Amino acid sequence: MMHLGISQRRLLTRAVNTCLTGSHSSVRALLATRQSASRIQSIYWFSTVKALSSGHDQPIKILYASQTGTAKLFAYQLNEQLTDEYPDRNISLTEWSQVKPEEMLEPQKALHVFLTSVAGVGEPPDNGREFYEYIMNKTSTDDNNSLSGLEYAVFGLGSTAGHAAYFNVIGKSLDRRLEELGASRIMEIALGDDGDCIEDDFDNWLDGFMKLLKENDAVEGEQVNVEEVIDDAASAMDFVQQREQIQLHEVRHHSDEVSSEHKTIDKFTIQCPGASSKDGTRMKSNKFPTLTLLPKSKDINSVAAHKHLFHLNKTPNQFYTDGTVSLGVIGNKLLGVDAGESAIHELKLAAPNVTYTTGDHLVVYPQNSQCIVKAYLDMLDVDGNAIIDEGQPDSYPFPKGLTIYETLTHCVDLGALPSPSFARMLIGKKDIDYKSEVAYPRRTVLDLALQYGRKLSLEDLMYQVTPMKPRYYSIASSNVKHPNEIRLVYRRVQYVTKLGMLREGLCTNYLTHKGYIDTQKHAHIAAYVNINPTFRLPKSTDTPVLMIAGGCGVAPIRALLEERVALVSAQCGNLGPATLYLGFRSPEDEVYRRTIEDAITVGALSNAEVTYSSGCGKTALVSDVVRQHGNRVWDHFEGGGVTYLCGGARSFGAAIESAFLDIAQEFGDMDFAGAERYLRVMIKDGRLMDDLAD
């Protein structure tokens with residue numbers, strides 16, 4: 001009698017099940033598997049990483065820090081995968097800020113899995129700063145401070161497209177510091193790249209992490225009978241064949257276009273007051289906990305539907321970040337009237353009870369368009385008016401007590417890509433090329449579900465869809481000039497995918513439709529101020545200033561100029577020289593010319609050079625202009641001036657950084673490595689500040 005570890009048993013069972021779910025001729029493969037089972041005894045598991053010291057019952061602590069929500073989303077996906085695979089194992093999910101830093105780590109008691117992103121210019125996420133500073137300053141001079149016996153893995157989130165010099169710097173530093181303190185790395189750090197396809201990076205890391213745990217199970221696990229595994233699987237053959245016959249019957253009678261492969265997810269139906277079917281039943285997921293629905297008689301489009309979620313504040317279901325307020329829209333206009341659909345807009349908001357400082361961000365909670373929400377509801381077999389009852393499992397990722405319509409409108413990013421695991425379910429295949437089939441064509445859950453005829457239960461959607469993330473916008477006004485007003489600058493995002501599908505930016509499309517009639521009739525948005533202390537005008541007003549911006553990067557520049565004009569009016573001392581290099585797509589795209597001219601007139605701006613990348617006889621990129629004035633830029637650097645860089649991170653920010661490096665090498669007589677060090681010192685000293693984003 002042959003025996004295997006648990007992990008090997010799972011692999012053998014999976015191989016047998018592959019035979020069972022294939023054609024009937026696969027029975028021969030099953031018999032071949034039985035005949036060659038003895039060979040499996042000779043399989044050994046090797047790994048280049050340090051083996052886990054604990055067995056398959058070791059607790060796992062998932063610890064995450066997230067700035068925009070992606071690390072949190074991945075942490076929840078990891079938690080889901082682990083709880084599915086190990087239902088009896090102690091799996092915990094914790095945000096770094098939820099516990100005291102000194103209480104978060106438990107050497108020899110649990111496997112610690114860290115997920116962390118990078119915020120700003122190489123900074124830890126806001127909800128991870130306290131723990132990060134704690135661990136970086138922790139010493140190992142005595143046993144009380146040593147992390148010997150702590151086993152860990154790290155998945156970092158960064159972007160090579162923006163701030164490439166700080167790509168995954170927080171994850172790398174954490175990984176290195178934990179090892180220095182005596183902790184044991186069980187697998188190499190994974191570096192997710194949002195500049196390419198971070199979802200695919202995480203999926204590959206997750207697959208490797210789960211395999212590592214299963215390999216450990218094979219070493220530590222109990223012995224099982226190989227013949228018993230095969231006999232159990234073979235006894236299920238009759239049931240599988242019957243199921244295939246039923247599915248074939250359903251396909252022939254209900255759809256001649258969708259293959260039976262796309263109909264094989266096991267579903268159950270349940271009686272539900274929130275179902276939209278005539279018999280009061282709806283589909284139930286065979287994977288996720290069932291959501292209890294309560295009926296609601298009021299129409300989802302009536303005034304009774306919540307336009308915002310402030311009523312959840314100070315409750316266990318709070319959705320908005322503390323400090324989020326309702327801001328009235330008192331202006332929303334096109335700035336470039338001849339620039340077409342891509343023209344820059346200015347949004348003016350009444351903010352009588354909001355405190356902000358020039359250089360801060362406004363973080364906006366967008367909403368999905370009604371037509372997209374309706375399309376998802378049409379795909380489900382539930383009533384959008386039904387309320388998701390309060391008594392849901394803690395694993396439910398959204399606020400409870402909302403209608404399905406409200407949840408889909410406010411809490412879910414319906415335009416986001418499905419995760420790789422969700423995409424595999426929707427497509428109906430285990431092996432997919434996620435980048436080419438999903439990520440690069442920008443295919444949504446709705447796209448895939450409609451193409452492959454996939455019927456989803458409410459649970460399948462709600463437990464796997466991407467949560468809504470608030471969007472960051474640079475404030476385009478100065479609190480000195482407008483203490484009770486906030487202005488934003490945005491460009492409506494629209495593009496056509498490789499498959500010919502029109503896509504619109506979620507938040508910019510939402511803002512575009514925010515109207516204003518008069519002081520009594522205007523729309524509102526939910527938003528909060530994000531303090532940005534690393535982007536401020538110099539405390540000394542006579543310090544030279546260089547401002548470089550492109551496109552919507554003009555927003556924080558407008559705020560800086562407005563504040564300098566206010567300082568001149570208030571006669572707050574002599575202002576140092578200020579130079580502006582500003583770029584737009586075309587002359588029609590240009591905005592705030594009058595603002596710039598007025599700043600020059602009053603002495604708040606010394607000189608300005610505006611360029612266009614197309615649409616006129618003489619075109620130039622801002623990076624080209626910076627290089628042309630390399631000698632002047634270098635003198636500014638060496639003279640202790642402060643430089644501001646604002647615009648897109650992927651192309652604009654990278655191009656300007658490259659120009660700075662060239663200037664430092666040419667005029668500073670240094671090599672490339674020296675130029676990089678020079679810029680890092682400028683950033684550290686607060687003489688090079690940026691507000692870059694895509």
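Here is a short tour of model confidence, salt bridges and aromatic pairs.

This is a predicted model, in which local features need pLDDT of at least 70 and side-chain atom pairs count only at pLDDT 80 or more, while totals for chains, interfaces and linings use all residues. Residues are numbered from 1 along each chain as its sequence is written, and side-chain values use heavy atoms, with hydrogens and water left out.

**Confidence.** The mean pLDDT (the predictor's confidence in each residue, from 0 to 100) is 83, and 82% of the residues reach 70 or more. Residues 1–49 stay under 50, with 88 contacts (heavy atoms within 4.5 Å) beyond four places in sequence. Residues 222–266 are also below 50, and this stretch has 71 contacts beyond near neighbours in sequence. Where pLDDT is low, the predicted coordinates should not be read in detail.

**Salt bridges.** The structure holds 26 salt bridges, each a side-chain nitrogen of Lys or Arg within 4 Å of a carboxyl oxygen of Asp or Glu. Three of them are tabulated here.

| Pair | N to O distance |
|---|---|
| Arginine 129 – glutamate 123 | 3.1 Å |
| Arginine 536 – aspartate 360 | 2.8 Å |
| Aspartate 598 – arginine 594 | 3.3 Å |

Arginine 536 lies in the loop between strand 22 (524–530) and strand 23 (545–550), and aspartate 360 in the loop between strand 13 (344–350) and strand 14 (361–365), so this pair ties together parts 176 residues apart in sequence. Helices (H or I, at least four residues) and strands (E, at least two) are DSSP runs, numbered from the N terminus. Both arginine 536 and aspartate 360 are buried; buried means under 20% relative accessible area, exposed over 50%, and partly exposed in between (1.4 Å probe, protein chains only).

Aspartate 598 and arginine 594 sit 4 residues apart in helix 18 (residues 593–602), about one turn of the helix. Aspartate 598 is partly exposed at 37%, and arginine 594 is exposed at 59%.

**Aromatic pairs.** There are 24 aromatic pairs: rings of Phe, Tyr and Trp (its six-membered ring) with centres within 6.5 Å, stacked if the planes are under 30 degrees apart, edge-to-face if over 60 and tilted for the rest. Tryptophan 96 and phenylalanine 131 have ring centres 5.0 Å apart and planes at 65°, so they are edge-to-face. Phenylalanine 131 is buried, with a relative accessible area of 1%. Phenylalanine 131 also pairs with phenylalanine 114, at 6.2 Å and 15°, so that pair is stacked.
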